[in-house]
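Dear colleague,

Please find the structure handed over below, followed by some notes on what was found in it. I would be glad if you could read the notes with the model open beside them.

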Amino acid sequence: MELSEVDGVPEWLPDHLAGEGIESLYPPQAEAVEKGVTRGESLVASVPTASGKTLVAELAMLASVAAGGKALYIVPLRALASEKRAEFEAFEEYGVEVGVSTGNYESNERWLGEKDIIVATSEKVDSLVRNGASWIDRLDCVVADEVHLVDDRNRGPTLEVTLAKLRRINPDLQVVALSATIGNADELADWLDAGLVDSDWRPIELRKGVHYGQALHFDDGTQRELRVKSGEKPTAAIVRDTLQDEYDEEGNVAEEGGSTLVFVNSRRNAEAAARRLASTTAEHLDAEEITQLREVAEEIRSVSDTETSEDLADAVEQGAAFHHAGCAPGHRSAVEEAFRDRLVKCVCATPTLAAGVNTPSRRVIVRDWRRYDGSAGGMAPLSVLEVHQMMGRAGRPGMDPYGEAVLLANAHDELDELFDRYVWAQPEPVRSKLAAEPAMRTHVLATVASGFAASRGALLEFLEQTLYASQTDESGRLERVADDVLGYLEANGFVERDGDGLQATGLGHTVSRLYLDPMSAAEIIDGLRDADPTDVSALGLYHLVSRTPDMYQLYLRSGEREDLAMMAYERESEFLGAMPSEFEDERFEDWLSALKTAKLLEDWADEVDEDRITERYGVGPGDIRGKVDTAEWLLGAAESLAAELDLGSVTAVREAKKRVQYGVREELLDLAGVRGVGRKRARRLYAADIETRADLREADKSVVLGALRGRRKTAESVLENAGHQHPSMEGVDADESARPAEAPAVEDGEGDGERAIDEEDQATFGDF
Ligand code: ADP
């Protein structure tokens, strides 16, 4: 189908897309148009990875905007929000305004009301509904990206309930749900009263198969020799083979070497595999690539001062990389970009990469098809859907003639098993996880508090509109869980019941708006009630928020239990609430895991270096940031609860929050609050007797320059942010006596890449 034949979309669109190399629609896109996606019809598009789902969404949203409407694009991960925004910003030159909602959970971000297209995560949309954002009821078109994630135990229920609420608010809402190929897309379409495009079409051929012995075995029955040298691992042999150019009969390069994406089951394995494969990729780099990779490695080193950073940079210099949730966002984006630019030849990733960012490659190796699963108590096989999603990353349209995705077998039996289990298999059906109690706790309270249900009957009626209700054959389960949850919410003073009538209490409204799991709120309230407001320690507060279900806890490593138990007894008086007995095995263990998390936060707020923390707790820099970010949010919520209940500990909570936010001790709070002054710079300035924001404003510029290790641009921007009258550093000489002793002198940056605010020293993680 030609783009000019598509009705409803803005006139400028065909030319714009032609400029992007899109001349006509892919078959599934054409089918979506035929089913009315540009005429306001709801649609579920279940299409393989990289087959152009985004354009289907864009057609729907732009048609809606062209008709004077407003569209919302729901992404599953925050990292994807910025990626999508960047894509949609191309429409701004035609007057389409794009906004991304990244603010705190409690805000309602009124300014988004001005935008035509809004990008947000499902959690954010849920919280906007709870906070009564006025523009929500003006939405005409909602896109749900990766809608198969309704199956996800943790995040699925939020997406499901959010879609149900948006449809309830506006019954005429157009819902465009984008899904990977799944077994039961028709059920999703039924649930959403939507048309269905269910297609296996791909823009580039994908061969799936298994490597066994000395050959790749493919699903079309063909084999291709792929020799593994003695002592070589099959993964290395495949990466090496992929890198080699292929020649035609006349000796010309018929096909240039390509890149490989390797999926493994743990962070440690990703790092180890990248380290090993680096020796394979290193042999295939030319001089130009080596120079460019060095630059990428430098960029990675500047992201954070940790072993992870160092290891990643070392691998990248040799053309390989790892990618997992323990990496900082700056690490991940640098790796993705270098992989897309074909500089990095091989990325070893955990499955987190499979869902999300656009990183196609010639070959994909699913090296580990089992992974540790706590709920299964051991190793469990990956789902077919997950493996197919990983495999779908193979083949770059326009660049590769085809993509190949393989699993690895060690024995003939395993070859057959892997073909049956994954290559031939259909993805499993997607099932709602809403009836799980933690999800229901949160969503029942929110549903009552934001006015969707004023009685038990109305609540059940609302729940009837969820995917869960449409899928369950166990009658009465939803009702039973809802009643249990209502009992819990009532007992904790979050809702009041009067016969069939239901209403949220003031506290219940606050908890819902704060986006807390009601169980977290109850734990925090109990802890704060128990506290002596004049004597609350930061550790006590960090422990309190770390033991709520909203904080993902750190696992205890072997041998840690004793040390932590010792610390627990030594600091017993600081904890809010009673410590469980050592004989209550599971509870005590949880309590200690929370203590480990709390201690990490305390170290961070005590200015312990990031690399010490990563070593001490066996985590990556991305984990520290994740914990800090969650703690900041939970402490902010605790502050609101303390204020609402008049508990007297408000100031202590606020201070503990600020310390964790900036990663500094108390005396640096004022300074660290100046934009561009992170924890390290604040300490350096303090050591030079610049102790407050006011001091900084009046400071002798040569002292500031000395304390900031001669970095002129940094010094200027910091002074400007502090409100200094004349921030210019022109002609200023650094006061050498103010230069921190521990750090090497830095050459003055004359446009040599020194950034005005370099992330190295930043302790605020606004982009999470
Ligand atoms: P998905 O979201 O399905 O994984 P994307 O929407 O990211 O896939 O599309 C993959 C790539 O295909 C993008 O680079 C996109 O620009 C390109 N593409 C999409 N539709 C077309 C088309 N009709 N013609 C040519 N290229 C297209």
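A salt bridge here is a side-chain nitrogen of Lys or Arg within 4 Å of a carboxyl oxygen of Asp or Glu. The model is a predicted one, in which local features need pLDDT of at least 70 and side-chain atom pairs count only at pLDDT 80 or more, while totals for chains, interfaces and linings use all residues. Residues are numbered from 1 along each chain as its sequence is written, and side-chain values use heavy atoms, with hydrogens and water left out.

The domain assignment, which is automatic or taken from a database, gives domain 1 (3-198), domain 2 (206-423), domain 3 (437-513), domain 4 (518-663) and domain 5 (675-762). Between domain 2 and domain 4, the contact (heavy atoms within 4.5 Å) takes twelve residues from domain 2 and nine residues from domain 4. The centres of these two domains, taken over C-alpha atoms, are 38 Å apart.

The size of an interface is often given as the accessible area lost when the parts come together. For domain 2 and domain 4 the buried area, that is, the accessible area (1.4 Å probe) that two parts lose on being put together, summed over both, is about 680 Å², and carbon and sulfur atoms give 52% of it.

One salt bridge is counted between domain 2 and domain 4. Separately listed is a salt bridge in which the side chains of Arg 267 and Asp 623 meet at 2.6 Å, N to O. On the side of domain 2 that touches domain 4, the residues divide into four nonpolar, five polar and three charged, where Ala, Val, Leu, Ile, Met, Phe, Trp, Tyr, Cys and Pro count as nonpolar, Asp, Glu, Lys and Arg as charged, and the others, Gly among them, as polar.

Glu 146, although not a glycine, has a positive phi of about 55 degrees, and it is found in the loop between strand E5 (141-144) and helix H6 (156-169), helices (H or I, at least four residues) and strands (E, at least two) being DSSP runs numbered from the N terminus. Glu 146 counts as buried because its relative accessibility is 14%, buried meaning under 20% relative accessible area (1.4 Å probe, protein chains only). Tyr 515, also not a glycine, has a positive phi of about 70 degrees and lies in the loop between helix H19 (506-514) and helix H20 (518-530); at 9% relative accessibility, Tyr 515 counts as buried.

Notes:
Buried means under 20% relative accessible area, exposed over 50%, partly exposed in between (1.4 Å probe, protein chains only).
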